Amino acid sequence: MRPTAKFSISFGLVTIPVAAYNATDTSASVSFVRIHTADGGRVRNQPVCSLEGVEVSPDEIGRGYRPHDADVVVPLSDEDLDALPLPTAKTLTILAFVAGGDIDPLQMGKGYYLATDSPAAAKPYVLLREAMERHERVGLGKIALHGRETLAMIRPMGDALVMQVLLWPHQIRPMDGVLPEREVEVHPNEVAAAETLMDSFGELSEEDLHDHYREALDELVSAKLAHREPEFDTGEEQPSGGQVMDLMAALQDSVRAAKRSRGEDDGDEGRAAAKRPAKKAAAKTSTAAGTKTGTKSGTKSGTKSGAKTAAGAATKSAAKKSTGAKSATKKTAAKTTAKKKTASRGSRRAG
């Protein structure tokens, strides 16, 4: 692997000569060529001179710059660019150390591995890497690459240093027309359901990081060359893209689908949910039965108690009447006896 650029990192008074290597491989991505649909011939971009109308060879192609306020192109040679009084042309001067989370991901561009370019650079290279790792900071600076100055971020990655090219803030477009036109209210229970769904996704697997599109494209091309029908591995059924009418139901169904995709059994939750209404029904039945039993028992007890009370009251009343009658009889008999005794005494006195 050949370096794409060589420069030095300026860390205070410490200078670290480095070589930058492309960290990404765009050739591994899917790319198409343009063809003439009538006969399948390739349609190529030929370098043609706009003045002469003839094809230009690569060794005759140079660089030029067109000012914004003029309709002319000014030719620039490599010597002209090397003579620019820019310290960033050969040196990446670190301007600040910030937390990695402070960098807007929209600004991040192409990445480069940085390697030491001399034996003397090994120690300051490792020193800078370990200092940033322990301090949990990344370095921000400016560097001129491929004829233009750009922001750059340096960060530790394993045992190496990595440089990430950053866009300038003015290169990030505003969000006009992106946000919803009306204010949307989200309920706390919906947020909680969404968080549950996020937790159910789990971690990435090797299968998730596989380029299925390129694999399917290779099968399609092979089938066309062999004059046969392509054989695609459809895998799991893709979710429909219909409009979501019930957001909470969709979130709950998504959680269950995510668990099933990882082989987890969500039957326990379903059985628990099924048991909850059964328990409630049983509780209601028990309560109703208790109420009926209590009512019947209370009614019977009340009836018996009332009957006993009435019978007792009647007995007591009858006893009182009987006692009163007896008492009255005794009083009458006593009076009669007293009268007889008085009359007998009077007869004796008269004789």
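User: In this predicted model, which residue's side chain meets Arg228 in a salt bridge?
Analyst: The model is predicted. Arg228 is partly exposed, at 35% relative accessibility. Its N comes to 2.8 Å from the O of its partner. That partner is Glu219.

User: Is Glu219 buried or exposed?
Analyst: Buried means under 20% relative accessible area. Glu219 has 18% relative accessibility. Glu219 therefore counts as buried.

User: How many salt bridges does the structure hold?
Analyst: One of them joins Arg228 and Glu219. Another joins Arg256 and Asp253, at 2.4 Å from N to O. The structure's total is five.

User: Why are Arg256 and Asp253 separated by about one helical turn?
Analyst: Both residues sit in helix H5, residues 247-261. Arg256 is partly exposed at 29% relative accessible area, and Asp253 is partly exposed at 41%. The separation is about one turn because they are three residues apart.

User: What is the distance between the closest N and O atoms of Arg129 and Glu130?
Analyst: These two residues form a salt bridge. Arg129 is buried, with a relative accessible area of 10%. Glu130 is partly exposed, at 40% relative accessibility. The closest N and O atoms are apart by 3.5 Å.

User: How many residues are in the largest nonpolar core?
Analyst: Phe7, Ile9, Leu92, Leu114, Leu145, Ile154 and Met163 touch the most other members. The elements giving two or more residues include strand E1 (5-11), strand E5 (91-98) and strand E9 (160-166). The core's residue count is 21.

User: Which helix gives two or more residues to this core?
Analyst: Strands on that list include E2 (14-22), E6 (108-116), E7 (138-145) and E8 (148-157). The helix listed with them spans residues 122-135. It is H2.

User: Leaving aside neighbours within four places in sequence, which Met is in contact with Leu92?
Analyst: The contacts of Leu92 include Phe7, Ile9, Ile143 and Ile154. Ser8, Ser10, Gly141, Lys142 and Ala152 are also among them.

User: How many residues make up the second, separate core?
Analyst: This core includes Ile103, Val138, Leu151 and Met153. Its residue count is six.

User: How much space lies in the second largest pocket?
Analyst: Of its 19 lining residues, the closest to the centre are Asp82, Ala89, Ala144, His146 and Gly147. E1, helix H1 (78-82), E7 and E8 each give two or more residues to the lining. The space is about 510 Å³.

User: How many residues of that pocket's lining are charged?
Analyst: Nine lining residues are nonpolar. Three are polar. The charged ones number seven.

Key:
Residues are numbered from 1 along each chain as its sequence is written. This is a predicted model: local features need pLDDT of at least 70, side-chain atom pairs count only at pLDDT 80 or more; totals for chains, interfaces and linings use all residues. Side-chain values use heavy atoms; hydrogens and water are left out. A nonpolar core is a set of buried Ala, Val, Leu, Ile, Met, Phe, Trp, Tyr and Cys residues joined through side-chain atoms within 4.5 Å. Buried means under 20% relative accessible area, exposed over 50%, partly exposed in between (1.4 Å probe, protein chains only). Helices (H or I, at least four residues) and strands (E, at least two) are DSSP runs, numbered from the N terminus. Contact means heavy atoms within 4.5 Å. A salt bridge is a side-chain nitrogen of Lys or Arg within 4 Å of a carboxyl oxygen of Asp or Glu. On a 1 Å grid over the protein atoms alone, a cavity is a set of points where a 1.4 Å probe fits but cannot get out, and a pocket is an open set with protein on both sides within 12 Å along at least five of seven lines; lining residues have an atom within 4 Å of a point. Grid points are joined across faces, edges and corners, and a volume is the space filled by probe spheres set on the points. Ala, Val, Leu, Ile, Met, Phe, Trp, Tyr, Cys and Pro count as nonpolar, Asp, Glu, Lys and Arg as charged, and the others, Gly among them, as polar.
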